[in-house]
Amino acid sequence: MPQVPQSLDASAVRAWCGLALRALGRAREEIDAINVYPVADGDTGTNLYLTVESAAAAVEAVFAGHAALAGGREALDGYVAVAGQAVSPGRAPEGPALADAVHAMAHGALIGARGNSGTILAQLLRGMAQVLAADSDATHTDGQGLGLALRRAADSARQAVVHPVEGTVLTVASAAADAASGAEGDCGAVARAAYEGARAALAATPGQLAVLERAGVVDAGGRGLVAVLGALVETFTGEAPASAAVPVLAGHARVGAGPDTKGPHARVDAAATGPLGEAGECADGTPAPDEGGPAFEVIYLLEAQDAAVTRLRDRLDALGDSLVVVGGDGLWNVHVHVDDAGAAVEAGVEAGRPYRIRITHFGLDDAHTTGAGSRPVRERAERAVVAVVPGEGLAGLYTEAGATTVLARPGEPPASGELVEAVRRAHAREVVLLPNDAELRHTAAAAAEQARTEGVRVALIPTRSAVQGIAALAVHEPGRRFDEDVVAMTSAAGATRYAEVEVAERQSWTMAGICQAGDILGLIEGDVAVIGSDITATAEAVLNRMLAAGGEMVTLVLGDEAPDTIAAHLESRVRESYLAVDTVVYRGGRQGALLLIGVE
């Protein structure tokens, strides 16, 4: 048996996130299939998976950043020794601090939370982080500390839901915390107690929520939490709990399955069931799915102060249901079901700055809106392009060109699940996928593989910059054979050299020497080629280097913080010095880099 941690430290957090992601990946379809509350839209397992995927990616980024910092210190030590300077940065610690890991986990879940259950899970992880990071110098915590963290998690999640309902993931989380609080021993013992308490509570959920009883299933969000807690047990014991299969009420088929697909776990202890709500009504008075409900799910991140969020809760509570507002310290994730999606977004604008806004129409075939009704199946398009773009301006440009876009904000790369969702949204038989970032190649490959299992023919063009994507999109012709189109787009992207101008965040070694925080960096195809102090001068130096090798077309994509005069200056420079070279300028918005440059 591999060595397992006896206490919860940063490495254990990393392992837990990875195991939880794997567990949810295995259970995703089964959880989706039993999703009937608060909306029978069959996506709880997917939403939980995407939320944990974002949390795991954030933790991995902390470890990668720590490793890079440690390597940079070693390199800087060598450089300083050569230069004869008396500087001793000291040895980096062996790994990130526990506080750094849990803060990253909670933040990653917050910005990546999807759906009702994903938003609640994000608050559960935030509650844990508040306890585990209270002592910023602590390297680990014991079983008692884990129990306290689980208690805070359950309490904070319940507070985040405006109208808590029993028989949901909140009930399961509270039961896990109760069981953990009464457990003694190391983290493994506490985790196992929490898991067993959660499983028992999950089995009882049909007796607490009438809609679950009618459908013959347990709560989908609670089932997902059981999977996450099972991964916590595996983190400390090296073994997954014996059984984490979804129990289904005897005599009922799993939602979305045929009558003969109940499986070996089609049973819940009859003693666990209790009084049910009135027919046609859920335990909290919410109309049952077949009686209709709000038509839209609205989710957005919000930068706002606490007082404004308090007012926002009241405003959104009056507009709809399933309201969950999680987060803190100026950053929140807002989730609500409403009929007036515009009013929900406007309320966010009044409270602060909403962004990453997602509005989903439940559709005429969702039980939440009509019950037995159905809508005509939308015909698939023959071919579509799905592209990751770094700013709102480019998103508009790509959309006008017919692409389905996924917005990647600075420091918030999309997860593979988001790319899969975009492929589904494109609703085409053939899809060309443009990641537009070298760091997203593996993420895009995973998304392409998933989409292929769903019957979509996907070609991944490894574009490393949005300007390469623009070049590929310019030659895209849906009318020609798929292979020919992919070859033409790949050729156009490959013939486009790319660069960007950005501000250095910290002192660092580069191919062009040592840069200081605040320096202007000119990167050509990913490597720093120019270090300067003036944005326009640095951009001109980069452009000159690129055009020295020839070119016919220059593409400039301006970020919000680029100087107003930079585009005119560079266009003038190209006209004066490089005959027969055209220049096109786009506004990229908040894209991270000050300037993107492409030379075809």
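**Close-up views of a predicted model**

View 1. The structure is a predicted model, in which local features need pLDDT of at least 70, side-chain atom pairs count only at pLDDT 80 or more, and totals for chains, interfaces and linings use all residues. Residues are numbered from 1 along each chain as its sequence is written, and side-chain values use heavy atoms, leaving out hydrogens and water. Helices (H or I, at least four residues) and strands (E, at least two) are DSSP runs, numbered from the N terminus. Asp-142 caps the N-terminal end of helix 5, with a side-chain oxygen 3.3 Å from the backbone nitrogen of Gln-144.

**View 2. Surroundings of Arg-192.** Arg-192 lies in helix 7 (residues 187-204) and counts as partly exposed because its relative accessibility is 34%. Leaving aside residues up to four places away in sequence, Arg-192 touches Val-233 and Thr-237 (contact: heavy atoms within 4.5 Å). Ala-179 is 13 residues from Arg-192 in sequence, and their C-alpha atoms are 9.1 Å apart.

**View 3. Positive phi at Asn-436.** Asn-436, in the loop between strand 9 (428-434) and helix 14 (441-453), has a phi near 60 degrees. Its relative accessibility of 8% makes Asn-436 buried.

**View 4. Positive phi at Ala-580.** Ala-580 occupies the loop between helix 18 (566-577) and strand 17 (582-589). Its phi is near 65 degrees, and Ala-580 is exposed, at 74% relative accessible area. Most residues other than glycine have a negative phi.

How values were computed: A polar contact is a pair of N or O atoms within 3.5 Å; within protein, one must be able to donate a hydrogen and the other to accept it, and residues adjacent in sequence count only if both atoms are side-chain atoms. Buried means under 20% relative accessible area, exposed over 50%, partly exposed in between (1.4 Å probe, protein chains only).
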